[in-house]
Amino acid sequence: MITLSQYAGQWRGTPIWTPALEANAMRLLTSVNALEADMARMGVRFPDNPHTRNGISGELYGGFRPPDCPIGAMGSAHKKAQAVDRYDPFADIDAWCLAHLDRLEVHGIWIEHPEATPGWSHWACVAPKSGNRVFRP
């Protein structure tokens, strides 16, 4: 499970981290953690990223990204606290997600196509412009 502190990182408690972002993050993490629990019951393992020491991918920007972050588009769901990159070094998480799109829908999660996310699985609690459950950036 990903905690709010893990997701917000060093920006929690700063002026960048607004009540609106916290509300978005809580909605995201409620969906993410419910889906993770569902997946774990079905045998999916969630390894910890050695850099973050939790399930968030990358070294710094796999969870919330501040507005001036050089990674991602200006309107990125990460910058609105509506997306997280799950550490997925063996693509097991993405494979399960592709095979269980109905469970993603139940939990209100959209993912980037695994071909665009080597080593991580991008999960968002808002639909992309295409509306597709699995989308290409």
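Predicted model: local features only at pLDDT ≥ 70, side-chain atom pairs only at ≥ 80, totals over all residues.
Residues are numbered from 1 along each chain as its sequence is written, and side-chain values use heavy atoms, with hydrogens and water left out. The protein has four helices and four strands, where helices (H or I, at least four residues) and strands (E, at least two) are DSSP runs numbered from the N terminus.

**Overall build**

- Going from the N terminus, the elements come in the order α-α-β-α-α-β-β-β.
- The radius of gyration is 14 Å, close to the 14 Å from the globule rule for 137 residues, so the protein is as compact as a globular protein of that length. Here the radius is taken over C-alpha atoms, and the rule is 2.2 Å times the number of residues to the power 0.38.
- Along the principal axes, the C-alpha atoms fill a box of roughly 40 × 35 × 25 Å.
- Of the 137 residues, 47% are buried; buried means under 20% relative accessible area, exposed over 50%, and partly exposed in between (1.4 Å probe, protein chains only).
- Take the contacts (heavy atoms within 4.5 Å) between residues at least 6 apart in sequence: 58% of them join residues at least 24 apart.

**Surface and charge**

- The accessible surface comes to about 7100 Å², and 56% of that belongs to carbon and sulfur atoms. Areas come from the Shrake-Rupley method with a 1.4 Å probe, and for residues only the protein chains shown count as cover.
- There are 13 positive and 14 negative side chains, with the centres of the two sets 5 Å apart. Lys and Arg count as positive and Asp and Glu as negative, while His and the chain ends are not counted; each charge is placed at NZ of Lys, CZ of Arg, CG of Asp or CD of Glu.

**Helix H2**

- An α-helix has 3.6 residues a turn, so residues three or four places apart point the same way.
- Just past the end of H2, glycine 43 has a positive phi of about 95°.

- Valine 32 sits in H2 and is buried at 0% relative accessibility. Beyond its neighbours within four places in sequence, valine 32 contacts Ile2, Val84, Arg86, Ile109 and Trp123.
- Valine 32 and arginine 103 are 71 residues apart in sequence, yet 11 Å apart C-alpha to C-alpha.
- Leucine 21, also in H2, is buried with a relative accessible area of 11%. Not counting residues up to four places away, leucine 21 touches Ile16, Phe64, Lys79, Lys80 and Ala81.
- From leucine 21 to arginine 41 is 20 residues in sequence and 30 Å in space, C-alpha to C-alpha.

**The loop between H2 and E1**

- Lysine 79 is in this loop and is buried, with a relative accessible area of 12%. Leaving out neighbours within four places, its contacts include Leu21, Phe64, Arg65, Pro66 and Pro67.
- Lysine 79 and aspartate 68 are 11 residues apart in sequence and 9.0 Å apart in space, C-alpha to C-alpha.
- Alanine 81 lies in this loop and has a phi near 60°, a positive value in a residue other than glycine. Alanine 81 is buried, with a relative accessible area of 0%.
- Arginine 53, too, is in the loop with a positive phi near 60°. Arginine 53 is exposed, with a relative accessible area of 69%.

**The loop between H1 and H2**

- Threonine 14 is found here and is partly exposed at 27% relative accessible area.
- Threonine 14 and leucine 98 are 84 residues apart along the chain, and their C-alpha atoms are separated by 37 Å.
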